[in-house]
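Please brief me on this structure, with the ligand shell, the core and the backbone geometry grouped by topic.

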Amino acid sequence: MQKTWEELPHPYDAWISIARNLPELIENNQLRMEVDKLAMLSIDGLRGHRAQRLGHLVLGYITMAYVWGQGDGDIRKVLPSNIAVPYCKLSEKLGLPPILLYADCVLANWKKKDPSGPMTYENMDILFSFPGGDCGKGFFLVSLLVEIAAASAIKVIPIIFDAVKREDSDTLQKALLDISSSLRKALDVFSQIHEYVDPNLFFNVLRIYLSGWKGNPLLSEGLLYEGVWDTPKKFAGGSAAQSSIFQCFDVLLGIQHTVGGVPSDPAAEFLQEMRTYMPPAHQSFLLSLKSRPSVREFVLSKGNATLQKTYNECVQAMVSLRNYHLQIVVKYIIIPASRQSTGESSEEDLEAESKGTGGTNLMDFLKTVRGKTVNCLLKEH
Ligand code: HEM
């Protein structure tokens, strides 16, 4: 039986001991040897959702470490069957891809130091780490805290749909105020990233271990999951783009990245694809939101200036989050990337530097998504 959220029963504890010592094993160049020695385990003894999610998290960490090694370019293109087989079986059971996901390293990778204390940075820790010191802790926990701040608005969603159905503008107005206030809190929490995440460690160390094997020139064919598939498979690396929370408010507010349900450009395609990296329950939640009456259409139809203003404050909060996120990407990716190149670089050069890292042009992608959010603001009459 699983004793705590951090432990797995024997024989799966062998996975946990590797994952818990990942930075040391990598530094001493012992990680791959230890993984090669692991017995092939059936996943039948991993009972219950918690144990299975912990198993997915742990195997994700081990897989990233096995593939990227010391982060020095000595990479593995084959994941041995003793890891690949249980990992893919477990992934299939959970409806998740066999790669480290946001749902693993952020949503399932935390604990409270004092269980009766609050969910604050000071009272929390992550369960597993990559090399790069506390940078991973900062990145994963701040992402989680942003998610928690924004998620507090989820409970008003049923109130919103009910108000739209009953054409109750006052209730809708109050519920939208709750949404904009939660989104503004999320923005406030976002700023903690500067305190806890070092740009150079993020760019030069952590990012390597989060990289995937889709659109990545280092593993252009993908990864061969030995004993599972005969050909290599491509999966995108871990990213907060796999978080359902931003997409949830996009759908709720009618911020459209698709035209008639079909992605209208590469940015929309990427966001749509990222849904397949979310837990199935999150995917169905997003789909169910889409099937409800449009809040935006209702606000437009009422011609009520106060309601329109409040709706706009919600959209503006999403714009502000995306503006802030863009500044963070410049600090944590574009500037460190430019330091690696020689000579003076123009803004265009800097943007070009970031191409290929995730298979898309990051800045183009993020600016397109922000642009669609801005376009959703209602014009004042
Ligand atoms: C050091 C901090 C961060 C960096 C460098 C960063 C970088 C990126 C990059 C490069 C993308 C483009 C897609 C990809 O290739 O992965 C992206 C997308 C995204 N990120 Fe971040 N990110 C950071 C923190 C966060 C945090 C804390 C959140 C919120 C929990 C977040 C939410 C998102 C979302 C929602 C997207 C999809 C685009 C959108 O909907 O606007 N990011 N991020």
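The briefing below starts with the basis of the model and then goes through the topics in turn.

This is a predicted model, in which local features need pLDDT of at least 70 and side-chain atom pairs count only at pLDDT 80 or more, while totals for chains, interfaces and linings use all residues. Residues are numbered from 1 along each chain as its sequence is written, and side-chain values use heavy atoms, with hydrogens and water left out.

**Ligand shell**

- The ligand is surrounded by 22 residues, and the closest are Phe190, Ser239, Ala240, Arg322 and His325 (a residue is near a molecule if one of its heavy atoms lies within 4 Å of it).
- An oxygen atom of the ligand lies 2.7 Å from a polar side-chain atom of Ser239.
- For Arg322, a side-chain N or O atom is 2.7 Å from an oxygen atom of the ligand.
- For His325, a polar side-chain atom is 2.8 Å from a nitrogen atom of the ligand.
- The elements that give two or more residues to this shell are α7 (135–151), α16 (305–340) and α18 (362–375) (helices are DSSP runs of H or I with at least four residues, strands are runs of E with at least two, and both are numbered from the N terminus).
- Helix α16 provides the largest share of the shell, six residues.
- By class, the shell has 18 nonpolar, three polar and one charged residues (Ala, Val, Leu, Ile, Met, Phe, Trp, Tyr, Cys and Pro count as nonpolar, Asp, Glu, Lys and Arg as charged, and the others, Gly among them, as polar).

**His325**

- An unreviewed UniProt entry places the feature "binding site" at His325; such annotations may be inferred rather than shown by experiment.
- His325 is in helix α16.
- His325 counts as partly exposed because its relative accessibility is 26% (buried is under 20% relative accessible area, exposed over 50%, and partly exposed in between, with a 1.4 Å probe and protein chains only).
- Leaving out residues up to four places away in sequence, His325 touches Phe190 and Leu366 (contact means heavy atoms within 4.5 Å).

**Loop between β4 and α12**

- Ser243 lies in the loop between β4 (224–225) and α12 (244–253), and is buried, with a relative accessible area of 4%.
- The side chains of Ser243 and Glu147 are joined by a polar contact of 2.9 Å (a pair of N or O atoms within 3.5 Å; within protein, one must be able to donate a hydrogen and the other to accept it, and residues adjacent in sequence count only if both atoms are side-chain atoms).
- Asp230 lies in the loop between β4 and α12, and is exposed at 79% relative accessible area.
- Asp230 and Leu201 are 29 residues apart in sequence and 36 Å apart in space, C-alpha to C-alpha.

**Nonpolar core**

- The largest nonpolar core has 130 residues, of which Trp15, Phe130, Phe140, Ile160, Leu172 and Trp213 touch the most other members (such a core is a set of buried Ala, Val, Leu, Ile, Met, Phe, Trp, Tyr and Cys residues joined through side-chain atoms within 4.5 Å).
- Helix α16 gives the largest share of this core, 15 residues.

**Backbone geometry**

- Most residues other than glycine have a negative phi, and most peptide bonds are trans.
- A cis peptide bond, with omega about 10 degrees, joins His10 and Pro11.
- Asn29 has a positive phi, near 60 degrees, and is found in the loop between α2 (22–27) and α3 (31–37).
- Glu167 is not a glycine but has a positive phi of about 55 degrees.
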